[in-house]
Amino acid sequence: LLLGMSMEGVWHTGVVVYGKEYWFGGSIFESDPGTTPFGEPKKITRMGSTVCTRLELLAKLEQQLSREYTSESYDVLTHNCNHFSDDVTMFLMNKHISEEVRQQPAQFSNSLLAKALRVPLNNYLGGFGNAAEQFRQSQQEVQDRTRRVWDALDVGSLVVYTTEGGLAVVAEILYKEETTCD
């Protein structure tokens, strides 16, 4: 009611697909579903299914959306998590998120409260990008550790790996190149 209108909520959205939640807060994040800094979801809308693979989604995120959705481009009214979620669902299913969520910023963008809070909200809600840098550093550490393990493996080594379905498999390396093996 502070804005002169009644709303069910001010929505943060993310897209849950392939067992992960993808969301925008100054950077693009991949989290376990329901573990964003915004807490447990109050409402979940099932959108349907996709024919896109996880690799196609990751390529879209890395090659296009990560350039469009940055801490510099974040704006609580015009370029936020809901815009990101809409772009992702359009890619995955050619389907928009709900009209209510997409149109919410326009409903109060001209209010005095929105004008007063826009800058601090942009700094706060678009500031999760700093956490993204820490995440990138930890990912680099994982890659470095993985590379050291990879370099230590030879033809004839036995390895255990887990498939995407969670099945543990023991295998012998028969052939090894720079980044692949059979």
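**Entry 1: aromatic pairs**

I count rings of Phe, Tyr and Trp (its six-membered ring) as a pair if their centres lie within 6.5 Å, and I call a pair edge-to-face if the planes are over 60 degrees apart. The model I am looking at is predicted. By this rule I get 6 aromatic pairs.

I looked up Trp-23 and Phe-38. Their ring centres are 6.1 Å apart and their planes stand at 85°, so I note the pair as edge-to-face. Which parts of the chain does this pair tie together? Trp-23 is in strand S2 (residues 20-24), and Phe-38 is in the loop between strand S3 (28-31) and helix H1 (54-68), so the pair links parts 15 residues apart in sequence.

Trp-23 has 3% relative accessibility and counts as buried. Phe-38 has 35% and counts as partly exposed.

**Entry 2: Phe-24 and Tyr-69**

I turned to another aromatic pair, Phe-24 with Tyr-69. This pair is edge-to-face, with 4.9 Å from centre to centre and 75° between the planes. Phe-24 lies in strand S2, while Tyr-69 lies in the loop between H1 and helix H2 (81-93), so parts 45 residues apart in sequence are tied together.

Are these two residues buried or exposed? I found Phe-24 buried, at a relative accessible area of 2%. Tyr-69 is buried too, at 3% relative accessibility. I also noted that Phe-24 and Tyr-69 belong to one aromatic cluster with Tyr-74 and Phe-84.

**Entry 3: Asp-86**

I looked next at Asp-86, which lies in helix H2. Asp-86 is buried yet has no salt bridge. Which side chain of opposite charge is nearest to Asp-86? I found Arg-102, at 4.0 Å.

I searched for what else is around Asp-86. A polar atom of the Asp-86 side chain lies 2.9 Å from the backbone nitrogen of Ile-97. Setting aside neighbours within four places in sequence, I list Lys-95, His-96, Ile-97 and Arg-102 as the contacts of Asp-86.

**Entry 4: the whole chain**

I stepped back to the chain. I count 5 helices and 5 strands. Read along the sequence, their order is β-β-β-α-α-α-α-α-β-β.

How many of the residues count as buried? The figure I have is 29% of the 182 residues. The accessible surface is about 12200 Å², and carbon and sulfur atoms hold 54% of that surface.

I finished with contacts between residues at least 6 apart in sequence. Of these contacts, 58% join residues at least 24 apart.

How values were computed. Residues numbered from 1 in each chain as written. Predicted model: local features only at pLDDT ≥ 70, side-chain atom pairs only at ≥ 80, totals over all residues. Heavy atoms only, no water. Helix = DSSP H or I, 4+ residues; strand = E, 2+ residues; numbered from the N terminus. Buried < 20%, exposed > 50% of the residue type's maximum accessible area, 1.4 Å probe, protein only. Contact = heavy atoms within 4.5 Å. Areas by Shrake-Rupley, 256 points an atom, 1.4 Å probe, with all protein chains shown as cover. Phe/Tyr/Trp six-rings, centres within 6.5 Å; stacked < 30°, edge-to-face > 60°. Lys, Arg positive; Asp, Glu negative; His and termini not counted. Polar contact = N/O pair within 3.5 Å; in protein donor to acceptor, adjacent residues only side chain to side chain.
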